[in-house]
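Hi,

Here is the structure I promised to pass on. Have a look at it first, and then read my notes below.

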Amino acid sequence: MARTSFVLGGGGAMGAYQAGALLGLLQSGLVPDALYGCSAGALNAAFLAAQPDVARAEALATWWSDGSSTSVLAPDWRSHLRGLPSVLRDRRGVLSTAPLRRLVAANVRAHDLSELVVPLTVTTTCLDCGQERHHDTGPVVDTLVASCALPGLFAPVRLPDGHLHVDGGVVAGVPVARALADAGPDDTVVVLDCGLAPVTCVGPACGVGDVGRGGCVAPADSGPGALEVVLRAFTVARAVANRATVGTALDDPRVLVVPHIADAWAGGLLAAVPRGPRDFSQSGALIEAGRLSAQLGLRSSVR
C-alpha cells in the first residue's frame, strides 16, 4: 500500500510557517504515515507524531502563535545568564537547554522515539565524525534537543551511541534523502523546507531576498551582536551544505515540495518577510501563509 511521508526541515522562527503548512495538509485530508524532522522541524514532527490529526495540528499552530515558542527558540537575557556557568565551566554553549527540555517533555508523551503513534526519524549531526545521523529509536528529549543544538549556542548532547550530537542542519537540515531511502516505489514524500534560504528550490527565483533575480539570498538577523553573526553565518553555511545533500532527490517523482516562504511572499500570501530565524513578530501571518500555500500546492500537484 502506498504511504505518505512528511520531511520537515529546520528554520528557527520559520517553524511557524511549517506548522501552518502541516495544518493545511491535514485539513486537506493528507495524513503522514511517517515523519522525518530536523531542528525546529523535528520539534514540529514530534508534536504531530504523537497524534496526527487536525486538532493536534491546530494545537501546534497555537504554540507557535501565542508566544510560547519565543521563550524556547529566542530566549531572553535571563537564559543567557543561566547558560553562562556552563560556558565558564566547559565552554560548550551560551544558552540553557532547560526550557526546550521542558517543552518536549510536556508535549511529547513518550520516552523513546519508537513509542510515538507515527514513526519518527530525527536527524542530528555527529560532532565526533561530522556525519549526519538519523534516529528512529532513542530517548525523545535528548534526541530532539540534540537536533536543535545549534553549535556554540546550545551544548552538544551525548546520545546512547556514546557520541556528541548537534543540530542536524549543519549537514542535512532537510533529510529528504533518508526519507526516499525508506520509501517504496509508489510512496509520496512531502517536503516542507521552512528555511529563509530554501535548499529545495528547483528554479532560479527561490530566495526571499532576491526573488526574480536569480538568487537564493535570504535576509538574516542584521544586528551587531555575536548571536546574530553566528545565526547569519549558520544560515549561509546551512544553505550551501544542505543543497549538496538534497542533490538530485528533488528529481525523484515521489517528491512533492510544499511552496516555500519565498513562494508565499512572491505570491502575495505573506506581506513581509521575517528578518531572520529569531524574528517571531510575524508568527500568525506565517501560519496562515503556510496553511494556504500547502493547500494551493497540494491542489496544483493533483491536476
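You'll find Thr121 in strand β3, which covers residues 120-126. Leaving out residues up to four places away in sequence, Thr121 touches Leu35, Tyr36 and Gly37, as well as His134, His135 and Asp136.

Before you go further, keep in mind that this is a predicted model.

**The whole chain**

The chain has 303 residues, and 55% of them count as buried. It has twelve helices and eight strands. The accessible surface comes to about 12,500 Å², and carbon and sulfur atoms account for 56% of that. If you take the contacts between residues at least 6 apart in sequence, 72% of them join residues at least 24 apart.

Then go to helix α7, residues 140-147, which is mostly covered: six of its eight residues are buried. Which ones are buried in α7? They are Val140, Thr143, Leu144, Val145, Ala146 and Ser147.

**Far in sequence, and how far in space?**

Leu153 is in the loop between α7 and β5 (157-158). With a relative accessible area of 10%, Leu153 is buried. Leu153 and Thr97 are 56 residues apart along the sequence, and their C-alpha atoms are 9.5 Å apart in space.

Cys201 gives you another pair to look at. This residue is in the loop between β7 (188-192) and α10 (226-246), and at 16% relative accessibility Cys201 counts as buried. From Cys201 to Val257 you count 56 residues in sequence, with 8.7 Å from C-alpha to C-alpha.

Gln295, in helix α12, is worth a click too. Gln295 counts as buried because its relative accessibility is 10%. Not counting residues up to four places away in sequence, Gln295 touches Gly24, Gln27 and Ser28.

**Cysteines**

How many disulfides does the structure hold? The count is zero. Cys126 counts as buried, at 1% relative accessibility. Cys148 is in no disulfide either: the nearest cysteine sulfur is that of Cys38, 7.9 Å away. Cys148 also counts as buried, at 8% relative accessibility.

**Aromatic rings**

A search of the whole structure finds two aromatic pairs. In one, the rings of Trp63 and Trp64 have their centres 4.9 Å apart and their planes at 80°, so this pair is edge-to-face. Both Trp63 and Trp64 are buried.

In the other, Trp64 and Phe280 are stacked, with 6.4 Å from centre to centre and 15° between the planes. What does this pair link? It links distant parts of the chain, since Trp64 is in helix α3 (residues 54-65) and Phe280 is in the loop between α11 (261-266) and α12 (283-301), 216 residues apart. At 1% relative accessibility, Trp64 counts as buried, and Phe280 is buried with a relative accessible area of 12%. Put together, Trp63, Trp64 and Phe280 form one aromatic cluster.

One more ring to find: Arg56 lies over the face of Phe47, at 3.8 Å from the ring centre.

- The aromatic cluster of Trp63, Trp64 and Phe280.

Note on methods. Residues numbered from 1 in each chain as written. Predicted model: local features only at pLDDT ≥ 70, side-chain atom pairs only at ≥ 80, totals over all residues. Heavy atoms only, no water. Helix = DSSP H or I, 4+ residues; strand = E, 2+ residues; numbered from the N terminus. Contact = heavy atoms within 4.5 Å. Buried < 20%, exposed > 50% of the residue type's maximum accessible area, 1.4 Å probe, protein only. Disulfide = S-S within 2.5 Å. Phe/Tyr/Trp six-rings, centres within 6.5 Å; stacked < 30°, edge-to-face > 60°. Lys NZ or Arg CZ within 6 Å of the ring centre and 35° of its normal. Areas by Shrake-Rupley, 256 points an atom, 1.4 Å probe, with all protein chains shown as cover.
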